[in-house]
Amino acid sequence: MKQIAFDAMWRFQKKGSSKWLTVCLPHDAMQTEKRDPDCPSGAATGFWPGGSYIYEKVLDVPAGYRDKAIWLRFEGIYEYSRIYVNGNLAAQSDNGYLDFTVQIDSFLKYGEANLLRVEVDNPGQNSRWYTGSGLYRPVSMLVKDKAHILPDGIRIRTLSLHPAVVQVDITMENCGDQEVKLPLKIEIQEAHAETTATLPAGETVSETLKLTLEEAKLWSHEHPELTKCAVTLGEETETLRFGIRTVEAVSGKGLLINGEPVKLYGACLHHDNGMLGAAAHRDAEYRRVRKLKELGYNAIRSAHNPISRALLDACDELGLYV
């Protein structure tokens with residue numbers, strides 16, 4: 001898979017304005033508004049009103065991508081969004097926090113310039129905390145073969161610890177017009193598993209493989225050891241990190257992580273970054289987690305919405321339960 005960052009050089013406009021600005025993502029459009037003591041949401045959003053906005057970007061798609069499957073990944077748009085590719089409505093979302101992907105290869109002109117347009121509407125009176133507006137989290141383009149692992153199509157869970165056994169679930173798809181048989185391989189540290197995936201044309205297929213890891217390092221808030229997993233389908237390899245750990249709630253013992261009792265010292269964490277607004281800058285997300293760890297916290301509760309990929313990555317790396 002090729003993942004292309006798509007955050008630079010967007011054209012931005014408030015609907016009804018004749019003025020275009022050049023912005024980079026993540027971008028909080030709410031901060032382009034004037035604060036209004038009489039705005040409907042009042043103090044809940046710091047007296048920032050909502051608004052309607054347009055984002056545009058030109059996509060230069062090589063002719064060689066004609067035989068590929070192509071998605072856009074939006075990590076979060078606040079709030080109601082519609083995504084157009086060359087004037088065609090490709091997708092829409094009514095959730096301001098969810099990460100989602102949009103397959104766009106059927107709308108593209110290959111070897112030419114393509115216009116991506118995102119229209120966003122935030123009515124303004126919809127929460128009792130600061131929400132931000134617009135493309136406040138990153139956007140990327142995913143390029144895969146016609147027979148591929150679906151975006152976010154790999155799930156890993158720990159089945160046992162001594163020895164560590166993990167289960168890897170893989171969801172694959174074939175957008176081509178012929179059945180394809182491809183070697184499927186999983187590698188985790190010293191362990192690996194292999195099989196052959198048969199992908200009928202136009203269908204989605206799931207495969208489950210289990211691996212035993214003899215010398216696994218376990219993940220906890222005290223020792224956030226991350227393990228790398230590489231999944232290869234044909235010539236495509238996807239790599240992701242995960243923590244090997246078990247989570248149990250046992251009467252009389254409480255919360256057990258890897259069989260050991262853990263008390264949660266947690267904080268409620270809203271998704272904004274103070275004066276940066278809702279824009280989910282990776283460095284700012286990591287700074288928040290690092291500061292919480294330094295203050296003695298070992299857990300967060302997201303308040304009150306799915307949190308960014310960058311914040312989840314920081315919790316994985318630095319050791320916070322979510």
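View 1. Strands β5 and β10 pair in the antiparallel sense over seven bridges; two strands count as paired if DSSP finds at least two bridges between them. Helices (H or I, at least four residues) and strands (E, at least two) are DSSP runs, numbered from the N terminus. Strand β1 (residues 2–5) also pairs with β10 in the antiparallel sense, over four bridges, and here Gln 3 has Leu 142 as its bridge partner. Because six of its seven residues are buried, β10 is largely enclosed by the rest of the structure. Buried means under 20% relative accessible area, exposed over 50%, and partly exposed in between (1.4 Å probe, protein chains only).

**View 2. The largest nonpolar core.** A nonpolar core is a set of buried Ala, Val, Leu, Ile, Met, Phe, Trp, Tyr and Cys residues joined through side-chain atoms within 4.5 Å. Of the 30 residues in the largest such core, Trp 10, Tyr 55, Ile 70, Phe 74, Leu 116 and Val 118 touch the most other members. Strands that each supply at least two residues include β5 (68–74) and β10 (139–145), while the largest share, four residues, comes from β4. Leaving aside neighbours within four places in sequence, the contacts of Phe 74 include Ile 83, Phe 100, Val 118 and Val 139, where contact means heavy atoms within 4.5 Å.

**View 3. The largest pocket.** On a 1 Å grid over the protein atoms alone, a pocket is an open set of points where a 1.4 Å probe fits, with protein on both sides within 12 Å along at least five of seven lines; lining residues have an atom within 4 Å of a point. The lining holds 44 residues, of which Leu 240, Arg 241, Arg 309, Asp 313 and Asp 316 lie nearest the centre of the pocket. β11 gives the most, with 10 residues.

**View 4. The open sheet β18-β19-β20.** Three strands form this sheet in the order given, with antiparallel pairing. The edge strands, β18 (247–250) and β20 (260–261), each pair on one side only. Four bridges join β18 to β19 (residues 254–257), and Glu 248 stands opposite Leu 256 in β19.

**Notes to all views.** Residues are numbered from 1 along each chain as its sequence is written, and side-chain values use heavy atoms, with hydrogens and water left out. In this predicted model, local features need pLDDT of at least 70 and side-chain atom pairs count only at pLDDT 80 or more, whereas totals for chains, interfaces and linings use all residues.
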